[in-house]
Amino acid sequence: MTDRELQSIMFAELQKVAPESDPAGLDVHESIREGLDIDSYSFLKVLVGLNERTGIEIPESDYGQLATLAGMLNYLRAHLC
Amino acid sequence: MGEFRMPSLGADMETGKLVEWLVVPGQRVRRGDIVAMVETQKGLFEVEIFADGVMGELLVQPGQTVPVGTLLATIDNGTAGTGEKPPAPTDSAAGRAKAEPETAASALTTGTSAPSPAATPGRIASSPSARQLALELGIDLAKVTGTGPHGAIGRGDVEAAARAAGTKPPAAAEPVSPAPTEPSAEKAAGKPAPTAAMKAMRQAIAAAVSRSNREIPHYYLETEIDLSKPLQWLKEENSKRSLRERILPVALLVKAVALALREVPELNGFWQNDQLEVRPDIHIGFAVALRQGGLIAPAVHHVDQLGVGEVMERLADLIERTRGGHLRSSELTDATMSVTSLGDRGVRTVYGVIYPPQVALVGFGCIGERPWAEDGMLGVRRCVTATLAADHRATDGHQGALFLEALTRHLHLPEAL
């Protein structure tokens with residue numbers, strides 16, 4: 001999967017929980033949860049969606065690494081089989 | 001004959017719009033069946049019926065907005081013949097008398113009245129997603145041409161009607177901040193624009209909070225709870241679970257509240273007719289913020305009897321349905337106490353406003369590291385601030401303190417939650 005594909009999956013999953021938002025407009029180093037005003041439940045939903053679409057397992061202890069768009073992309077890229 | 005009335009879906013509801021009937025006259029219904037969709041300032045809800053029987057006349061047409069308590073339909077439950085019918089009471093007299101959650105439970109009463117026949121509205125066959133979209137877009141289903149089997153309306157038909165009316169789909173149109181202008185198409189369709197709906201919700205919330213502050217002599221207690229142990233337990237538990245099955249800390253908090261309520265039942269119930277009615281069941285109302293603003297606190301039923309994993313599942317389901325507009329009327333009306341968790345936004349302490357006729361509300365702030373002194377040692381622990389807002393007519397600070405003490409104790413025994 002290319003970065004572009006990963007990014008479009010990320011944006012699609014974020015938009016599911018924050019339909020009116022524009023995830024692409026977020027600063028890549030900004031906290032996603034603050035930037036899009038999503039709660040911990042919605043964030044967990046995003047991670048579930050990422051897991052289902054990429055097959056990447058995300059242990060709870062790694063959640064912090066996916067807090068920003070840059071972190072999320074790096075994490076997914078690094079854990080692709 | 002039984003009566004099915006517009007239920008009160010919370011202390012802040014005065015009127016409801018009957019959006020759709022899901023039954024037809026002559027249809028057999030069972031207690032708990034969803035018979036109608038009702039829209040309030042807080043969205044679209046599935047209304048259940050509270051007795052078995054056969055649906056009689058449907059007296060209110062889809063699209064009509066009527067006061068709480070208005071007779072919507074009769075139900076033949078075999079308790080009376082179909083012969084002589086006494087005159088029906090006026091709807092408004094029956095309606096305004098009650099605005100309490102138990103109204104829903106008594107929405108179907110076996111009264112003696114049977115109203116004069118009204119025109120039977122034809123049910124518009126439509127898919128749930130079409131109904132939801134129509135509501136979001138302010139499209140009147142009666143004006144949509146269905147292209148499905150037997151003229152049933154699908155999502156595509158609503159979209160086509162929206163395009164014809166010049167209404168944009170919600171993904172693009174949902175305003176985050178108040179939009180200054182309202183699309184004329186929505187006005188033409190006779191529906192309030194999103195801004196008007198939001199204004200109505202703000203007014204409904206203000207009315208409920210004002211009533212609470214006016215009528216309930218609140219007292220507040222606060223305590224700091226060391227969560228190191230439960231969070232460690234949760235970490236181990238979650239490491240065994242797939243991403244989808246993982247439990248958020250809030251599920252532990254909600255479960256612990258339910259167990260603590262068992263020990264201090266005076267906080268679990270309703271203040272009605274100048275007295276406390278302690279409820280045997282523990283249904284926790286969980287405040288869910290809506291993305292467009294406002295909140296709803298639907299109930300998780302029998303929390304004390306659920307495992308933590310089940311509590312999480314129920315919470316997830318409730319949050320989904322609250323935000324997706326598929327809550328059932330009973331979930332809106334039977335909470336016996338409420339929990340609000342504002343920790344996601346870094347808030348430390350929540351001073352809650354009790355939701356009448358409940359008598360208590362527990363607030364949780366954010367879970368974070370704090371300096372913690374214990375046994376003469378200073379350490380760093382992950383903690384949460386729990387507050388109790390309670391009704392002084394029902395309880396005193398002593399009972400409130402016992403509750404917070406029990407809450408702390410249960411959280412310190414996570415494996416027993």
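Predicted model: local features only at pLDDT ≥ 70, side-chain atom pairs only at ≥ 80, totals over all residues.
Lys17(B) has Thr65(B) as its bridge partner in S7(B). Residues are numbered from 1 along each chain as its sequence is written, chains are lettered from A and ligands numbered from 1 in the order in which they are written, and side-chain values use heavy atoms, with hydrogens and water left out.

**Sheet of chain B**

- An open sheet of mixed pairing is built from 5 strands of chain B in the order S7-S2-S4-S5-S17; helices (H or I, at least four residues) and strands (E, at least two) are DSSP runs, numbered from the N terminus.
- Strands count as paired if DSSP finds at least two bridges between them.
- The edges are strand S7 (65–67) and strand S17 (327–328) of chain B, each pairing on one side only.
- Strand S2 (residues 15–21) of chain B runs antiparallel to S7(B), and 3 bridges join the two.
- Within this pairing, Gly16(B) is placed opposite Val66(B) of S7(B).
- S2(B) also pairs with strand S4 (residues 34–40) of chain B, in the antiparallel sense and over 4 bridges.
- The bridge partner of Leu18(B) in S4(B) is Val38(B).

**Domains of chain B**

- Chain B is divided into domain 1 (2–98) and domain 2 (218–416); the bounds come from an automatic or database domain assignment.
- The C-alpha centres of domain 1 and domain 2 of chain B lie 33 Å apart.
- Contact (heavy atoms within 4.5 Å) links 14 residues of domain 1 of chain B with 13 residues of domain 2 of chain B.

- A nonpolar core is a set of buried Ala, Val, Leu, Ile, Met, Phe, Trp, Tyr and Cys residues joined through side-chain atoms within 4.5 Å; buried means under 20% relative accessible area, exposed over 50% and partly exposed in between (1.4 Å probe, protein chains only).
- Helix H9 (residues 249–263) of chain B has 15 residues, which at 1.5 Å a residue should span 21 Å; its end C-alpha atoms are 22 Å apart, which agrees. The expected span is 1.5 Å times one less than the number of residues.
- In H9(B), 12 of the 15 residues are buried, so the helix is largely enclosed by the rest of the structure. Among them are Val250(B), Lys255(B), Val257(B) and Leu261(B).
- Phe403(B) touches residues including Val257(B), Ala260(B), Leu261(B), Val264(B) and Leu388(B), not counting residues up to four places away in sequence.

**A buried loop residue**

- Thr336(B) lies in the loop between helix H11 (329–333) and strand S18 (337–341) of chain B, and its relative accessibility of 2% makes Thr336(B) buried.
- With residues up to four places away in sequence left out, Thr336(B) touches, among others, Leu267(B), Arg279(B), Asp281(B), His283(B) and Gln358(B).

**Salt bridges**

- The count of salt bridges over all chains comes to 22; each is a side-chain nitrogen of Lys or Arg within 4 Å of a carboxyl oxygen of Asp or Glu.
- Glu52(A) and Arg244(B) form a salt bridge through their side chains (2.4 Å, N to O). The pair crosses between chains, from helix H3 (residues 40–54) of chain A, which holds Glu52(A), to the loop between helix H8 (228–239) and H9 of chain B, which holds Arg244(B).
- Arg244(B) is exposed, at a relative accessible area of 57%.
- Glu237(B) and Lys240(B) are joined by a salt bridge (3.7 Å, N to O); Glu237(B) is buried at 17% relative accessibility, whereas Lys240(B) is exposed with a relative accessible area of 65%.
- Arg321(B) and Asp317(B) form a salt bridge whose closest N and O atoms are 3.0 Å apart. Both lie in helix H10 (residues 308–324) of chain B, 4 residues apart, about one turn of the helix.
- Arg321(B) counts as buried at 19% relative accessibility, and Asp317(B) as partly exposed at 36%.
- In chain A, a network of salt bridges links Glu13(A), Lys16(A) and Arg53(A).
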